[in-house]
Amino acid sequence: MHAMMLKKAGQALEWTELADRQPGPGEIRVKVGACGVCRTDLHVLDGELPYPKSPIIPGHEIVGRIDALGAGVEGLRMGERVGIPWLGHTCGSCPFCRGGQENLCDLPLFTGYTRDGGFATATIADARYAFPLGEAGSDVALAPLLCAGLIGWRSLVIAGEGQKLGLYGFGASAHIVAQVAKWQERSVFAFTRPGDARTQAFARRLGAVWAGGSDEMPPEPLDAAIIFATVGDLIPLALKAVRKGGRVVCAGIHMSDIPSFPYRLLWEERQLVSVANLTRQDGIDFLRLAPEIGIMTETTPYMLDQANQALADLRAGRFNGAAVLVP
Ligand SMILES: [Zn+2]
Ligand SMILES: [Zn+2]
C-alpha cells in the first residue's frame, strides 16, 4: 500500500510505500475510494493537537470498500462500501461511554490522529466504528459527510431548535449544515472572511438568506450561531449577534485564543458551548437523513499524491466546499 505520511509535525506529507497489513480481530481493511481533507488535518500537520501517533497517516473522512475482514467481525461483508469517521475507537467502559457520551471517552482513538487514517490506498479500521454507506452517490461526494457533515450535524443539534441560525466560517461543514437547516425551514445567516464575495455568493446559492463578513452584524438578532472557523476573535462577535437566551456553539477542535470581552455579551442567559467529536448514533442519524435531504456536497478532487497541495489550498481558502483525495 501507499500513503501520504506525516513523519514529523510541521513538515510536508511524504509519499510512502508500506507493507500491506492484515486486519486484526474486530478490524476491517478498506480499499480507500476517497478521503476528504478536513481542517483538523491542518491542526495535526501543524502539531497543534496533543499526543498524536507519529508518524501518522492523516485523513478521517474515508469512503472505501472492505477488502479483508478480521476475525469476529459481524454485520459487514467483503466488498461492502463503508465510511470511516474521526471516532475510531472508544473504551466502552469509562463513565462517558457508559453514559451515552462516547464522544467524550477517556481512552478514545481518533482516525488520522491517534490511529492511521485514509490519506492512503488502504486503511485498517475498528469495524464497530465504520458506517455502511449503501451504493447511492459517489465516493468523492460522500467523503465530506464523514466529518464536515457529522460534526456539522452534531453542532446543529446542540445549537437547538432556533429559527435564525448564524454560521461563522462557510467551509466544508457549513455548506452541508446550511442545506440541512434550509430543509428544516430555518433561516441561515452566513459569515465569511470580510470581503470574501466568492464565499458569500456560494452561501447564498445554498440558500442563506443573508451573507456578509464576520465583522458585520446580521440584519436581525440570531437564535443561535455555530462557529466553524478556528478564530477565537469570532466568539465575542457571535455572542453580540445572538438574542437573549441565544446559544453560540464552537464546532472546531482547535481555536486561537479568545480575546477578553465584556460580561454583558454573555449576560441575559446567552450560552457558549463547544462540540467535541461524534457518537456513532450521530453517524447513524445523519447518514440516514442525508439522502432524504438530498445533500449535495461541493468537492474539489485531488490525486492522493497531491495531498500537500490540497492542504495548502484549504489553508488559503482557495476552493468552495471540500477537498477530497482520490487514490
Ligand atoms: Zn470510554
Ligand atoms: Zn474533521
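Residues are numbered from 1 along each chain as its sequence is written, and chains are lettered from A and ligands numbered from 1 in the order in which they are written. Because the model is predicted, local features need pLDDT of at least 70 and side-chain atom pairs count only at pLDDT 80 or more, while totals for chains, interfaces and linings use all residues; side-chain values use heavy atoms, with hydrogens and water left out.

Donors are N, O and S atoms within 2.8 Å of the metal (3.2 Å for Na, K and Ca); water is not among the atoms, so sites may look incomplete. The zinc ion (ligand 1) is held by the SG atoms of C91, C94, C97 and C105, at 2.3 to 2.4 Å. Along the chain, the donors of this ion follow the spacing C-x2-C-x2-C-x7-C. The angles among the four donor atoms run from 103 to 120°, and the site is tetrahedral (four donors count as tetrahedral if all angles lie between 85 and 135 degrees). C91 is partly exposed because its relative accessibility is 27%, whereas C94, at 8%, is buried.

S93 is found in the loop between β6 (87-89) and α2 (95-98). Here helices (H or I, at least four residues) and strands (E, at least two) are DSSP runs, numbered from the N terminus. With a relative accessibility of 47%, S93 counts as partly exposed. S93 and Y302 are 209 residues apart along the chain, and their C-alpha atoms are separated by 40 Å.

The zinc ion (ligand 2) is coordinated by C38 (SG), H60 (NE2) and C147 (SG), at 2.0 to 2.2 Å. The spacing of these donor residues in sequence is C-x21-H-x86-C. C38, in the loop between β3 (27-37) and α1 (39-45), and C147, in the loop between α3 (139-142) and α4 (148-159), are 109 residues apart, and the pair links distant parts of the chain. C38 is buried, with a relative accessible area of 13%, and C147 is buried at 6%.

The protein chain is divided into domain 1 (2-135 + 297-326) and domain 2 (149-274); these bounds come from an automatic or database domain assignment. The C-alpha centres of the two domains lie 27 Å apart. In the interface, 19 residues of domain 1 are in contact with 14 residues of domain 2, where contact means heavy atoms within 4.5 Å. The area buried between the domains is about 1,300 Å², of which carbon and sulfur atoms give 55%. Buried area is the accessible area (1.4 Å probe) that two parts lose on being put together, summed over both.

A nonpolar core is a set of buried Ala, Val, Leu, Ile, Met, Phe, Trp, Tyr and Cys residues joined through side-chain atoms within 4.5 Å. The largest such core has 90 residues, and those with the most contacts inside it are I28, F119, L165, L167, F170, I226 and F286. Helix α5 (residues 172-183) gives the most to this core, with seven residues. Domain 1 and domain 2 both contribute residues, so the core lies between them. When residues up to four places away in sequence are not counted, F170 touches H175, A178, A190, F191, T192, T199, F202, A203 and L206. A second, separate core of 17 residues includes I227, V248, C250 and L265.

Most residues other than glycine have a negative phi, and most peptide bonds are trans. The peptide bond from S54 to P55 is cis, with omega near -5°; P55 lies in the loop between α1 and β4 (62-69). E268, although not a glycine, has a positive phi of about 70°. This residue lies in the loop between β14 (242-250) and β15 (271-274) and is partly exposed at 33% relative accessibility. N277, also not a glycine, has a positive phi of about 60°. N277 is found in the loop between β15 and α8 (280-293) and is buried, with a relative accessible area of 14%.

E269 is found in the loop between β14 and β15 and is exposed, with a relative accessible area of 68%. Leaving out residues up to four places away in sequence, E269 touches G245 and G246.

Methods
Tetrahedral: all angles 85-135°; square planar, octahedral: opposite > 155°, others 65-115°. Buried < 20%, exposed > 50% of the residue type's maximum accessible area, 1.4 Å probe, protein only.
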